[in-house]
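Let's take a walk through a protein model together. Have the sequence and the 3D view ready, and click along as each residue comes up.

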Amino acid sequence: MKDVFARLASDLFSAIVFLVIYIITDNVVLATSVAIAGAIAQVIYARVKGQQLNYMTYASVALVVVLGTVTLLTNDPRFMLAKPSIAHFAIGAIMLKRGWMLRYMPPIVVETVPEYVTAAGYAWAALMFVIGAGMIAVASTGDLKLWAFYITVVAGGAKILAFAVQYVVLRLIVTSRRRAAARA
């Protein structure tokens with residue numbers, strides 16, 4: 001679980017840096033420039049440490065640079081605010097692959113209810129698309145406080161709630177099936 005939060009913080013690093021600098025200084029150019037520099041420094045640091053970088057890391061940096069450049073040219077922070085939505089759409093698209101979630105489940109779940117795990121994977125994909133669309137809607141307002149609330153409370157809360165519901169439902173179904181198999 002700790003690893004998941006570390007990856008999430010890493011993926012959202014440039015957005016967080018942008019938001020913090022922008023709130024402190026109210027300067028779009030400075031916040032965007034620092035976010036771009038931070039994203040590039042993140043890649044350089046990983047390369048120096050010999051860490052393997054995946055497609056999503058490079059895509060995230062490319063988005064920061066492209067959307068950051070558009071933000072600098074237009075002096076409009078909404079482009080940087082929309083960046084996490086693109087990541088949600090990309091992750092949602094990846095989650096449309098049948099059975100992607102099976103490798104993350106304990107063997108007992110995979111053996112007992114693989115069809116439910118596959119359905120949960122599609123539900124997660126749908127959640128990513130909905131969160132991404134909401135993020136674009138919120139970013140288009142240009143309201144940083146609303147965006148910060150949405151990305152932390154709404155998007156984060158929806159993922160935590162979905163994880164909790166998934167855990168409880170899968171646990172109940174697995175337990176029920178195992179009991180039924182033991183009686184038979």
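Before going on, some ground rules. This is a predicted model, where local features need pLDDT of at least 70, side-chain atom pairs count only at pLDDT 80 or more, and totals for chains, interfaces and linings use all residues. Residues are numbered from 1 along each chain as its sequence is written, and side-chain values use heavy atoms, with hydrogens and water left out.

**The overall picture**

How many helices and strands are there in the chain? You'll find eight helices and zero strands. Here helices (H or I, at least four residues) and strands (E, at least two) are DSSP runs, numbered from the N terminus. The C-alpha trace spans about 70 × 40 × 25 Å along its principal axes. Of the 184 residues in the chain, 36% are buried.

The accessible surface comes to about 11000 Å², and 69% of that belongs to carbon and sulfur atoms. Such areas come from the Shrake-Rupley method with a 1.4 Å probe, and for residues only the protein chains shown count as cover.

Contact means heavy atoms within 4.5 Å. Among contacts between residues at least 6 apart in sequence, 67% join residues at least 24 apart.

**The nonpolar core**

A nonpolar core is a set of buried Ala, Val, Leu, Ile, Met, Phe, Trp, Tyr and Cys residues joined through side-chain atoms within 4.5 Å. The largest one here has 44 residues, and the members that touch the most others are Phe18, Met101, Val109, Trp124, Ile131, Met135 and Trp147. Two or more residues each come from helix 2 (13-25), helix 3 (28-48), helix 4 (55-74), helix 5 (78-94), helix 7 and helix 8. Helix 7 gives the largest share, 10 residues.

Zoom in on tryptophan 124. Leaving out residues up to four places away in sequence, it touches Met95, Trp100, Met101, Lys159, Ala162, Phe163 and Gln166.

**Lysines on the inside**

Lysine 159, one of those partners of tryptophan 124, belongs to helix 8. Is lysine 159 buried or exposed? At 18% relative accessibility, it counts as buried. Apart from neighbours within four places in sequence, lysine 159 is in contact with His88, Trp124, Leu127, Met128 and Ile131.

Lysine 83, over in helix 5, has a relative accessible area of 3%, so it is buried too.

How do distances along the chain and in space line up?

| Pair | Apart in sequence | Apart in space |
|---|---|---|
| Lysine 83 and methionine 95 | 12 residues | 19 Å |
| Alanine 119 and methionine 101 | 18 residues | 9.4 Å |
| Glutamate 111 and glycine 38 | 73 residues | 43 Å |

**A pocket between helices**

Rolling a probe the size of a water molecule over the atoms shows where empty space is left. On a 1 Å grid over the protein atoms alone, a pocket is an open set of points where a 1.4 Å probe fits, with protein on both sides within 12 Å along at least five of seven lines; lining residues have an atom within 4 Å of a point. Points are joined across faces, edges and corners, and the volume is the space filled by probe spheres set on them.

The second largest pocket has a volume of about 160 Å³. Its lining includes Tyr116, Trp124, Leu127, Gln166 and Ile173. Helix 7 (114-141) and helix 8 (144-183) are the elements that give two or more residues to this lining, with the largest share, six residues, coming from helix 8.

What classes of residue make up the lining? There are 10 nonpolar, one polar and no charged residues. In this count Ala, Val, Leu, Ile, Met, Phe, Trp, Tyr, Cys and Pro are nonpolar, Asp, Glu, Lys and Arg are charged, and the others, Gly among them, are polar.

Key
Buried means under 20% relative accessible area, exposed over 50%, partly exposed in between (1.4 Å probe, protein chains only).
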